[in-house]
Amino acid sequence: MKTKYLQYLAVLSTLALLFPADALARGNAHSLEIHDVVQVSGTQLKSGIYKVEWQGSGPVVQVSFQQNGKTVVTVPATLKTNDDQVTQDAIMTEATSGDPSTLKEIDFGHQKEALVFDRNPDGR
C-alpha cells in the first residue's frame, strides 16, 4: 500500500513540475493567418494558418513558423511590448521591388507582445 502511494505521489509531483513549463510555453505561441505570400529571412510563407512560436524572453528571440505540424522556417526577431490599443492580430509588410512583400512585424491583438523582423538575417 505504501509503495502504491509513493508511486502516485511521484506521478503527481512530476505533473506539477511539468505544468508550469507547459503553461509558460503556450504563452509564447499564437495562431496567425497569413492572407498573402510574404517573405521572411529569404523564405516564402504561403497564405494559410501558421503557429508562430518564439524561444527566449527577449529582446532577441528565435521565432518558428509552423504549418500543419511542420516547421517551415525559424528566424531571429526582436520581441517588443505592444501598447493597449492593439485589439486584433496585425501583420505589417514592406513592399519590395520583387515579389513577395517582406514581413516586418506581427502584432498580437489583446496581447503584450509583438515580433519585429529584420529585412536580412544579419540585421542590415
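Buried means under 20% relative accessible area, exposed over 50%, and partly exposed in between (1.4 Å probe, protein chains only). By that rule, both Phe65 and Phe117 are buried.

This is a predicted model, in which local features need pLDDT of at least 70, side-chain atom pairs count only at pLDDT 80 or more, and totals for chains, interfaces and linings use all residues. Residues are numbered from 1 along each chain as its sequence is written, and side-chain values use heavy atoms, with hydrogens and water left out.

**Exercise 1. Confidence**

Task: State the average pLDDT of the protein, and find stretches where the pLDDT is below 50.

Solution. 
- Step 1. pLDDT is the predictor's confidence in each residue, from 0 to 100. The protein averages 79. A score of at least 70 is reached by 73% of the residues.
- Step 2. Residues 17-26 have a pLDDT below 50. Beyond near neighbours in sequence, this stretch has two contacts in the model. Contact means heavy atoms within 4.5 Å.
- Step 3. Residues 119-124 also have a pLDDT below 50. Their contacts beyond near neighbours in sequence number six.

**Exercise 2. Salt bridges**

Solution. 
- Step 1. Apply the cut-off: a side-chain nitrogen of Lys or Arg within 4 Å of a carboxyl oxygen of Asp or Glu.
- Step 2. Lys51 pairs with Glu53, with the closest N and O atoms 3.9 Å apart. Lys51 is partly exposed at 36% relative accessible area. Glu53 is buried at 16%.
- Step 3. Glu105 and Lys80 form a salt bridge at 3.2 Å, N to O. Glu105 lies in strand E8 (residues 101-107) and Lys80 in strand E6 (residues 70-81), so the bridge ties together parts 25 residues apart in sequence. Strands (E, at least two residues) and helices (H or I, at least four) are DSSP runs, numbered from the N terminus.
- Step 4. Check accessibility. Glu105 is buried at 13%. Lys80 is partly exposed at 36%.

**Exercise 3. Around the bridge residues**

Solution. 
- Step 1. Gln66 sits in strand E5 (residues 60-67). Its relative accessible area is 17%, so Gln66 is buried.
- Step 2. A polar contact of 3.3 Å joins the side chains of Gln66 and Glu53. The term covers a pair of N or O atoms within 3.5 Å; within protein, one must be able to donate a hydrogen and the other to accept it, and residues adjacent in sequence count only if both atoms are side-chain atoms.
- Step 3. Met92 belongs to strand E7 (residues 90-94). Met92 is partly exposed at 34%.
- Step 4. Met92 and Glu105 are 13 residues apart in sequence, yet 5.0 Å apart in space, C-alpha to C-alpha.

**Exercise 4. Core and rings**

Task: Identify the residues with the most contacts inside the largest nonpolar core, then trace the ring cluster.

Solution. 
- Step 1. A nonpolar core is a set of buried Ala, Val, Leu, Ile, Met, Phe, Trp, Tyr and Cys residues joined through side-chain atoms within 4.5 Å. The largest has 20 residues; Val40, Leu45, Val52, Val63, Phe65, Leu115 and Phe117 have the most contacts inside it.
- Step 2. E6 gives the most to this core, with four residues.
- Step 3. Rings of Phe, Tyr and Trp (its six-membered ring) pair if their centres lie within 6.5 Å; planes under 30 degrees apart count as stacked, over 60 as edge-to-face and the rest as tilted. The structure holds three aromatic pairs.
- Step 4. Tyr50 and Phe65 are edge-to-face, 6.4 Å centre to centre with 85° between the planes. Tyr50 is in strand E4 and Phe65 in strand E5, 15 residues apart.
- Step 5. Phe65 and Phe117 are tilted, at 5.9 Å and 40°. Ring pairs link Tyr50, Phe65 and Phe117 into a cluster.

**Exercise 5. Backbone check**

Task: Give the phi values of Ser41 and Asn68.

Solution. 
- Step 1. Most residues other than glycine have a negative phi.
- Step 2. Ser41 has a positive phi near 50°. Ser41 lies in the loop between E2 and strand E3 (43-45).
- Step 3. Asn68 has a positive phi of about 55°. Asn68 is in the loop between E5 and E6, and is exposed at 74%.
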